[in-house]
Amino acid sequence: MNETNMDETNTRQPVLDALIQSRDLQMLKAMVPYFNSTQQRTVSFVIWLIELQKTMQLFNAKPEIQAAELLCGENVSPAERTRHMLHVMKDFCNPQEQSNIDSLLSFFEMYESYESMTNEM
């Protein structure tokens, strides 16, 4: 399997990362390679704990104050949510994976067209 560097296929962060990342965390992550191996493990673990804490706070917030980006699929059908999710996933895929997702999306569209036609009859 051919792995592609994420920098080659992705130009933006996933929504969840954008909501929990901060300048402080980015600076900590940038420092990790300059510590010895024991310190790298410790700092990486602290970063992971901070991200986990921020994620938990994000999801424990009352629905009315949760980030709108996390609620984008609340009022749409499961099929529409799946379609949106696949479109977003494409940003993080290599060309072959993107092609596979496009094929899947085309299949969904054909299936929905077929279902619509049969329901009209």
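Which residues form a nonpolar patch on the surface? Phe45, Trp48, Leu49, Leu52 and Met56 do, with about 500 Å² of accessible area together. The model is predicted. Its chain holds 6 helices and 0 strands. Buried residues make up 17% of the 121 residues.

**Fold**

- From the N terminus on, the elements run α-α-α-α-α-α.
- Helix 4 covers residues 37-60.
- Helix 5 covers 78-90, and a loop lies between helix 5 and helix 6.
- Helix 6 covers residues 95-120, which makes 26 residues.
- At 1.5 Å a residue, helix 6 should span 38 Å.

**Nonpolar surface patch**

- Trp48, one of the patch residues, sits in helix 4.
- Trp48 has 47% relative accessibility. Because partly exposed covers the range between under 20% (buried) and over 50% (exposed), Trp48 counts as partly exposed.
- Phe45, also in the patch, is partly exposed too, with a relative accessible area of 48%.
- Patch residues must have over 30% relative accessible area.

**Aromatic pairs**

- The structure holds 3 aromatic pairs.
- Phe45 and Trp48 form one of them, and this pair is stacked. The ring centres are 5.8 Å apart, with 25° between the planes. The pair counts as stacked because its angle falls under 30 degrees.
- Phe45 and Trp48 are 3 residues apart in helix 4, so about one helical turn separates them.
- Phe107 and Phe108 form a tilted pair. Their centres lie 6.2 Å apart, and the planes make an angle of 50°.
- Phe107 is partly exposed, with a relative accessible area of 47%. Phe108 is partly exposed at 25%.
- Ring pairs also bring in Tyr111, linking Phe107, Phe108 and Tyr111 into a cluster.

**N-terminal cap of helix 6**

- Which residue caps the N-terminal end of helix 6? Asn94 does. A side-chain oxygen of Asn94 lies 3.1 Å from the backbone nitrogen of Gln96.
- The side chain of Asn94 also reaches the backbone nitrogen of Glu97, at 2.8 Å.
- Asn94 is found in the loop between helix 5 and helix 6.
- Is Asn94 buried or exposed? Asn94 counts as buried, at 12% relative accessibility. The cut-off for buried is under 20%.

**Salt bridges**

- Side chains of opposite charge can pair when their charged atoms come close.
- The structure holds 4 salt bridges.
- Arg83 and Glu80 meet in one of them, at 2.7 Å from N to O. Both residues lie in helix 5, 3 residues apart, about one turn of the helix.
- Arg83 counts as buried, at 14% relative accessibility. Glu80 is partly exposed, with a relative accessible area of 26%.
- Arg83 also forms a salt bridge with Glu112, where the closest N and O atoms are 3.1 Å apart.
- Glu112 lies in helix 6 and Arg83 in helix 5, so the pair ties together parts that are 29 residues apart in sequence.
- Glu112 counts as partly exposed, at 29% relative accessibility.
- Lys90 and Asp102 meet in a salt bridge of 2.5 Å, N to O. This pair links distant parts of the chain, with Lys90 in helix 5 and Asp102 in helix 6, 12 residues apart.
- Asp102 is partly exposed, with a relative accessible area of 34%.
- Which residues do salt bridges with shared partners join into one network? They are Glu80, Arg83 and Glu112.

Definitions and conventions
Residues are numbered from 1 along each chain as its sequence is written. This is a predicted model: local features need pLDDT of at least 70, side-chain atom pairs count only at pLDDT 80 or more; totals for chains, interfaces and linings use all residues. Side-chain values use heavy atoms; hydrogens and water are left out. Patches are made of residues with over 30% relative accessible area and no salt bridge: like charges are joined within 9 Å, nonpolar side chains (Val, Leu, Ile, Met, Phe, Trp, Tyr) within 5 Å. Accessible areas come from the Shrake-Rupley method with a 1.4 Å probe; for residues, only the protein chains shown count as cover. A salt bridge is a side-chain nitrogen of Lys or Arg within 4 Å of a carboxyl oxygen of Asp or Glu. Helices (H or I, at least four residues) and strands (E, at least two) are DSSP runs, numbered from the N terminus. Buried means under 20% relative accessible area, exposed over 50%, partly exposed in between (1.4 Å probe, protein chains only). The expected span of a helix is 1.5 Å times one less than its number of residues. A polar contact is a pair of N or O atoms within 3.5 Å; within protein, one must be able to donate a hydrogen and the other to accept it, and residues adjacent in sequence count only if both atoms are side-chain atoms. Rings of Phe, Tyr and Trp (its six-membered ring) pair if their centres lie within 6.5 Å; planes under 30 degrees apart count as stacked, over 60 as edge-to-face and the rest as tilted.
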